[in-house]
Amino acid sequence: MRVSVALIRPLAVRTVAVSDPHDLLARLPDAAPYAWVRHGEGLVGWGEAARAVVPPGPGRFEWARGWLSSLFEGAHIDDEVGMPGSGPVALGSFTFDADTPGSTLVVPRVVLARRGGRAWLTTVGDDRLTLATPPVPPGRIRYGDGSLTAPEWEHRVARAVRRIRDGALDKVVLARDLTAVADRHIDPRVLLARLADRYPECYTFSVGGLVGATPELLVRHTGQSIESLVLAGTAARGADASEDAARGMALFASEKDRHEHACAVASVREALTPLCADLDVPDHPELLVLPNVQHLASRVTGRLSDGASVLDVVAAMHPTAAVGGTPTGTALAVIRELEGMDRGGYAGPVGWIDARGDGEWGIALRCAYVSGDRARLFAGCGIMAESDPAAELAEAQAKLRAMQYALEG
């Protein structure tokens, strides 16, 4: 079994302060870009100093932490910045299903970052930088059915609703995919720039061909402090301000959506309580308004009781009820039975970790796998006892529009 390849060992890492690059994404070359950007802050990277293909199974996060600890402990690090995200950084994407292969961690050769009014450059080995070439839009996009047609997916949703009404489970998240073929090679930098511009509140990411802009922060880890943004319960945007406000009010008043959100918050509370000395969970959600949809959102904060790294917190939290269901084991079994596809990294953890154990990880939503002139887009919906298959299909289509916009402009 292939588990890891290190290109430079031991790692020789140097981080220096640099002038503000302003637009991080504009500095990316065209070869396999890595990115994690929100409101213009975050980090981008390119090249590979080390890569691990994480073995599937229930211990995959523990394996990943062990691999990174060994790699970073043996590194020669010269870090004049000393902030979260400086020094050596690994970006990663984990598959939704623990038993599915394809989880990866990569330490880029070059990382450019900006945060809190400061900017820095980290290089591993030689410090020769690659010049960015102008990105080229992919041209005309043609869409096709993914693993299931729309009517087939609606039928699976109806089956899930019957299971829930029979008492087998409270909620299950069913995803669907859509294929896209472009006239030209799809440059991930074009998608990243469009997503970052249109969805600045989201975390725009690129890791291993998985490109997207997720609104859902699984965990931010800074020292002993952690933060998570729980999203569950969705409504489409209105055609005007009046309709928009009405839909937001209806979302708040929806018993189905409030129950779905409560399940998601409860799963996060259950996962974080054993790790935290203090945990603050809001009593009521707020409304997160994005260009294409509105979500019920709860921001959970806490302070860890020991020296857990961000990957330990990710391991405890994934999969949340927001992307799996309740109870977790039953929901995962129903997903494997009804969904009709391999999610890969969709709805799995995606983000970064540094040598201190700090980092930010989101849930890979509003995303697509990109390869050559092809892309595979994903969207998912939380299915409850009151769910209507046609309404869930409309919600999935609204969520798919984020990546369709990224492709089409």
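Predicted model: local features only at pLDDT ≥ 70, side-chain atom pairs only at ≥ 80, totals over all residues.
Helix α1 covers residues 60–73. The helix has 14 residues and spans 20 Å from its first C-alpha to its last. That length is close to the 20 Å expected at 1.5 Å a residue. Seen residue by residue, α1 has a buried set made up of Arg 60, Phe 61, Ala 64, Trp 67, Leu 68, Leu 71 and Phe 72. These residues lie on the same side of α1 because they cover an arc of only 125 degrees around the axis. Glu 62 and Glu 73 are exposed on the other side of the helix.

Helix α1 also contributes to the largest pocket. This pocket has a volume of about 400 Å³. Its lining comprises 26 residues. Closest to the pocket centre are Arg 60, Phe 96, Asp 97, Ala 98 and Asp 99. Two or more lining residues come from each of α1, α6 (310–317) and α7 (328–338). By class, the pocket lining holds 10 nonpolar, 7 polar and 9 charged residues.

The whole structure contains 4 cavities of 30 Å³ or more. The largest cavity has a volume of about 210 Å³. It is lined by 22 residues. Ala 322, Leu 365, Arg 366, Gly 380 and Lys 399 lie nearest its centre. At least two lining residues are supplied by each of β16 (225–236), β24 (374–383) and α8 (389–408). Strand β24 gives the largest share, 5 residues. The lining of the largest cavity divides into 11 nonpolar, 5 polar and 6 charged residues.

The second largest cavity holds about 40 Å³ of space. Its lining consists of Glu 216, Leu 217, Leu 218, Ser 228, Leu 229, Val 230, Ala 264, Val 268, Met 317, Thr 320, Ala 322 and Ile 363. Strands β15 (217–222) and β16, together with helix α5, each supply at least two of the lining residues. The largest share, 3 residues, comes from β16. Strand β16 also supplies at least two residues to the lining of the largest cavity. By class, the lining of the second largest cavity has 9 nonpolar, 2 polar and 1 charged residues.Helix α5, which spans residues 255–272, also contains Asp 257. Asp 257 counts as buried because its relative accessibility is 9%, and the cut-off for buried is under 20%. The side chain of Asp 257 makes a polar contact of 2.8 Å with the side chain of Ser 254.

Leu 25 is in the loop between β2 (12–17) and β3 (34–38). Its relative accessible area is 11%, so Leu 25 is buried. Leu 25 and Val 44 stand 19 residues apart along the chain. Their C-alpha atoms are separated by 6.8 Å.

Methods
Residues numbered from 1 in each chain as written. Heavy atoms only, no water. Helix = DSSP H or I, 4+ residues; strand = E, 2+ residues; numbered from the N terminus. Expected span 1.5 Å × (residues − 1). Buried < 20%, exposed > 50% of the residue type's maximum accessible area, 1.4 Å probe, protein only. Arc of directions from axis to C-beta. 1 Å grid on protein atoms, 1.4 Å probe; cavity = no way out; pocket = protein on both sides within 12 Å on 5 of 7 lines; lining within 4 Å. Points joined across faces, edges and corners; volume = space filled by probe spheres on them. Nonpolar A, V, L, I, M, F, W, Y, C, P; charged D, E, K, R; others polar. Polar contact = N/O pair within 3.5 Å; in protein donor to acceptor, adjacent residues only side chain to side chain.
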